[in-house]
Amino acid sequence: MFIHRPDPIHQVRVDTPDPVFAEKRLEQFGGATGELSAALTYFTQSFHTEDQGIRDMLQNIATEEFGHLEMVALMIEQHTKRARQGAQEKAFNSTLFAMRGYGPHVMDSRGTTWDARYVNEGGSVVRDLRADIAAEAGALATYEALIHQAPDDGSREALRHLATREVAHARMFMKALEAMNKLDDPIFGDLKPDDTVDVYFNLTAGPEAERRGPWNSEPDFHIRDLVPQAQRGGGMGAGQHVRHSPSRK
Ligand code: MN
Ligand code: MN
């Protein structure tokens, strides 16, 4: 069940009403990477696992995402209602709120209505959690873009909280996969892979064909060159491999 408390999960304060920014904020209300998509995704996925702990986590995060949806709604309301009544009426009239009225609507920043195809769920909790990590990355990228365009400190602070929570969720999904030994292992279900499971098909012509990183190196991967020797080109000799150095904090 759900219990409603009429106060947001985190403080919402809009210092400067800006209807043009509110239109961008619709991305987090009715957009593909928005809070409605996240809430319905995790809620639906929770019924795909019999692990009660993971089910609880997915339903709890889904409920938090509804709390985020409420925060986004309150901010869009403040950015539009106060603008329409104030000095920014001209800007208000340039947005889709002039036709739809102030406050949030179930559409993205371009006015495209929300689509159930934004809900990424497929019946296997491993498959779902993998999609969730990507979904949180999409939400984080959208929030970063919004933070850069935020017109006031109050909006920026609320956005920073919302973005931070998406980082926390991604870490929880990673921990859940790790608990199932599935964080590093993409195989799940009944698949018996064939003998190409550790083969890197090298289909690159030219000197770039020699580039190596952990994703295409021994001992994890064996190279199978499918480009004829004559077309592979020269230039980058053996030993001049590009090394991958992930930046970690
Ligand atoms: Mn969220
Ligand atoms: Mn999230």
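The crossing of α7 and α8 is left-handed; that label applies if the near helix is turned anticlockwise from the far one by less than a right angle, and right-handed applies if clockwise. This is a predicted model, in which local features need pLDDT of at least 70 and side-chain atom pairs count only at pLDDT 80 or more, while totals for chains, interfaces and linings use all residues. Residues are numbered from 1 along each chain as its sequence is written, and chains are lettered from A and ligands numbered from 1 in the order in which they are written.

**The helix pair**
- Helices (H or I, at least four residues) and strands (E, at least two) are DSSP runs, numbered from the N terminus.
- The axes of α7 and α8 cross at roughly 160 degrees and come within 9 Å.
- Axes are lines fitted to C-alpha atoms, for helices over the stretch in contact, and angles run from 0 to 180 degrees between N-to-C directions.
- α7 and α8 are therefore roughly antiparallel; angles over 145 degrees count as such, under 35 as roughly parallel, 65 to 115 as roughly perpendicular and the rest as oblique.

**Domains**
- The protein chain has domain 1 (19-179) and domain 2 (199-231), with bounds from an automatic or database domain assignment.
- Taken over C-alpha atoms, the centres of domain 1 and domain 2 are 40 Å apart.

**The core**
- The largest nonpolar core has 40 residues. Such a core is a set of buried Ala, Val, Leu, Ile, Met, Phe, Trp, Tyr and Cys residues joined through C-beta atoms within 7 Å.
- Among the elements that give it two or more residues are α1 (19-25), α3 (35-45) and α4 (52-84).
- The largest share, 11 residues, comes from α4.
- F29, V72, M75 and I76 have the most contacts inside this core.
- Beyond its neighbours within four places in sequence, M75 is in contact (C-beta atoms, placed from the backbone, within 7 Å) with V12, V14, R25, S155 and A158.

**Exposed spots**
- A residue is buried if 20 or more other C-beta atoms, placed from the backbone, lie within 10 Å of its own, exposed if 12 or fewer, and partly exposed in between.
- H4 sits in the segment before α1. H4 counts as exposed because it has 6 C-beta neighbours inside 10 Å.
- N181 lies in the loop between α8 and β1. N181 is exposed too, with 8 other C-beta atoms within 10 Å.

- Most residues other than glycine have a negative phi, and most peptide bonds are trans.
- Phi of N181 is positive, near 60 degrees.
- E218 and P219 are joined by a cis peptide bond, with omega about 5 degrees.
- P219 is in the loop between β1 (199-202) and β2 (222-225).

Methods
Contact = placed C-beta atoms within 7 Å.
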